[in-house]
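Hi everyone, thanks for making the time. I'd like to walk you through one structure, so let me put it up on the screen.

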Amino acid sequence: MTENPIDILRLSEMLDRGRVLLVLDKLDNAAEAFRALAPFKAELGRLREQYGYMADYALRGLPDPSLPENMAGLKADIRSAADGMSRALKALDAPTLYFSMVRTLSLSPGGSLAELIAEYRRLTGRLAMASLTENPAEAGRELTLRAEQLEKDIFNALWIAYPLASDDAELFAGMLADESLPAHFCPLAVSGLTLGLMEWYDERRLRLLMDACEATDEAVAVRALCGLLIALWIYRDRPMSRRLKERFEALCERPDWANRVRMATMQFIRARDTERLTRKFKDEVLPEMMKLRPEIERLQKQHPSLDTDGSLIEENPEWSELLEKSGLAERLKELQEIQEEGGDVMMATFSQLKTFPFFHDPSNWFLPFHADHSLLSTSEAQAFSQLLGMIGEAAAFCDSDRYSIALSINQIPPGQRDMIGAQLRAQSEQLETAVAAGEVHHSAEQLTVDYVRNLYRFFKLFRRKGEFRDPFATEMNIPALPELSDVFDDAETLRLIGEFYFRRRYFTDALEIFRRLDMLVTPEANLYQKMGYCCQALADINEAIRYYEQSEMLNPRSRWTRRRLASCYRSICNYESALRLYRSLAEDVTDDMSLTLNIGLCLVKLQRFDEALQELFKAEYLGTDSPKALRAIAWCTLLGADYERCRVYTDRVLSLPDLTATDWLNAGHLALLTGNPAEAAEQYAKVVATNDFDPTSLFDLISRDRLTLRQLASLPAHLLDIVVDRAIELAGGKGSHL
């Protein structure tokens, strides 16, 4: 593969620092070194000359109010030239699908966008007349197959064209205005335009997407908006030209702009949760279902009607009990609630159905589902035409999932097909009822849901997905874009987005949104609680304390806030403040084992051992020999040099199941402090064994407690090192030089 000396990111950083001449020098050097870049020499010369005029004028000290705008335009042109040069070098031999397509189409005669669109228009006109021929089915299928190939070719032409020529831009605008074209075609073309924009920055494409956002066809407008938001995020560091900025400002003046952007943004935010949902389904739900399979089969044998009437499954008490005991019912309920909130729970199911050859072509991932497609005109699919029509209307599926269903139906053996058909016909009335009730529709919101899911599936499941810039691979935080600040300046929207981030544990994004919300609303205890929790989860304890304290001032009765605040105080070793809060909590609730234990632990840290033991003994009583209380008493008596009592509780701890490395460590400390170094070595050896026989774990723990041991007793010089060495030897590890 040809070495590419043009580092776009590095050159962009140099331009941001004002090193225009240096960037031009590097581009000139590249143009001299590679024959493929010779066509760019004239453009580079023009840019250098333009910069020279600007510099000469500025150095004369003459006033030039247009200098900032001219400089921004020059830098944009230099970036475009660098993009074009980098692309030209990659086009020589880069193995990606994009550049393979570039090379293929460059060698294909008659493949211009104008020619392709002209032929497509003629063909769609002939399709309307196919019903008048002697053999309409055969003629129609032949024309349909050719039309589908042209749709792919036009998609590919829009995808790889760079920069998009002004003539091609006019053709694209003309397509959007042509109502005679099939309804699925223009939305597909918008996706091709978007995919090309994601490869290389192109202001003409951005302008076309802005124009398409105002299309009367909802499917076109929705796809254009989604593509525009992705592009604004990807190229957030590239300033718009004055003309493009004016076009964008005009778009923002539309009365429905803010609502549409918020709607699309929520779908992109929900898409971030798809991977977690898919993992939950595969790792938790499916394994549990497989475990239950023998029991399910047993119930089906006992109740044969379960095989044909799904409603009886829910009514059968044994079935319900089985689901409850396994925990599967709770997980399924959670997934159902997430689906009702708009979560994409279908990804886990349909990810296994994207291996058909149909999905080897990028354009098919963005093709709107339509009944005229050749896949749906086979004899097998026609047998299910009513069902496929309902699937096409069902809101639960996105377009690529609908095609997955259609392709899967074609693969079903005839015998099973008849059986499934009978079952599906029995359920068709429910689907028809859903259609009549408006549960399936083509609203802008549903179209947005479908398209974001189409995008997500392509970037996550396409067989060559690694060759594409995946907008879902990073935290695409659209509300943070400065161009959209006016859209996300209302409390209701920010609260909705922040709550979603918070519930899904995206704490960095939630905190950013909550901070913006805090500037718009009067102080709220609940908001400060959540901001504190975000900071605590992100290990920013001091900020967490600040927000928790603000929440406590507004609502001093909140036990949850005081518990969290006390926990944070303990994290920064402010045990006096933590103790004060725990005791205030204990005043309201008597005999709380957890509070009593925390009070005792704080007193231990404050070296008030007699008071601590009183609390810890109480915690032991309340918790009926709680392991936490036993460990705390053993440690407290060790620090208080009450070795006789410490031995009693250490033995009780060592009789517990699932001992930790700390349990053996403290037992070793007790043996060492009571004059039994050989026993200490044996206990320390178990620390090494518990930590996968890693001796460094013992060194770290001993280092942490070395000062405490010295304060408790005057150990002979080097005794601790010798004991540690013997422990490692007993554990089969290496020496202390590690």
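So, at what angle do helix 13 and helix 23 pack, and how far apart are their axes? Keep in mind that this is a predicted model. Helix 13, residues 257–271, packs against helix 23, residues 444–461, at about 40 degrees, and the axes sit 10 Å apart. The crossing of helix 13 over helix 23 is right-handed.

Who's making the contact? From helix 13 you've got Arg260, Met263, Ala264, Gln267, Phe268 and Ala271. Helix 23 brings in Ala444, Glu445, Thr448, Val449, Val452, Leu455 and Tyr456. By type, that's nine nonpolar residues, two polar and two charged.

Let's stay with Tyr456 for a second, over in helix 23. Is Tyr456 buried or exposed? Its relative accessibility is 5%, and buried means under 20%, so Tyr456 counts as buried. Skipping neighbours within four places in sequence, Tyr456 is in contact with Ala271, Thr274, Glu275, Met347 and Phe472. Met347 is 109 residues away from Tyr456 in sequence, yet their C-alphas are 9.1 Å apart.

Okay, zooming out to the cores. The largest nonpolar core has 154 residues, and Leu228, Trp257, Phe268, Phe366 and Leu484 have the most contacts inside it. Helix 11, residues 218–234, gives the largest share of that core, with 12 residues. Apart from this core there's another one, of 26 residues, including Leu638, Leu665, Ile702 and Ile728.

Last one: Leu484. Not counting residues up to four places away in sequence, Leu484 touches Leu229, Phe248, Trp257, Val261 and Ile478.

Methods
Residues numbered from 1 in each chain as written. Predicted model: local features only at pLDDT ≥ 70, side-chain atom pairs only at ≥ 80, totals over all residues. Heavy atoms only, no water. Axes fitted to C-alpha atoms, helices over the stretch in contact; angles between N-to-C directions. Helix = DSSP H or I, 4+ residues; strand = E, 2+ residues; numbered from the N terminus. Left-handed = near helix turned anticlockwise from the far one by under 90°. Contact = heavy atoms within 4.5 Å. Nonpolar A, V, L, I, M, F, W, Y, C, P; charged D, E, K, R; others polar. Core = buried A, V, L, I, M, F, W, Y, C linked by side-chain atoms within 4.5 Å. Buried < 20%, exposed > 50% of the residue type's maximum accessible area, 1.4 Å probe, protein only.
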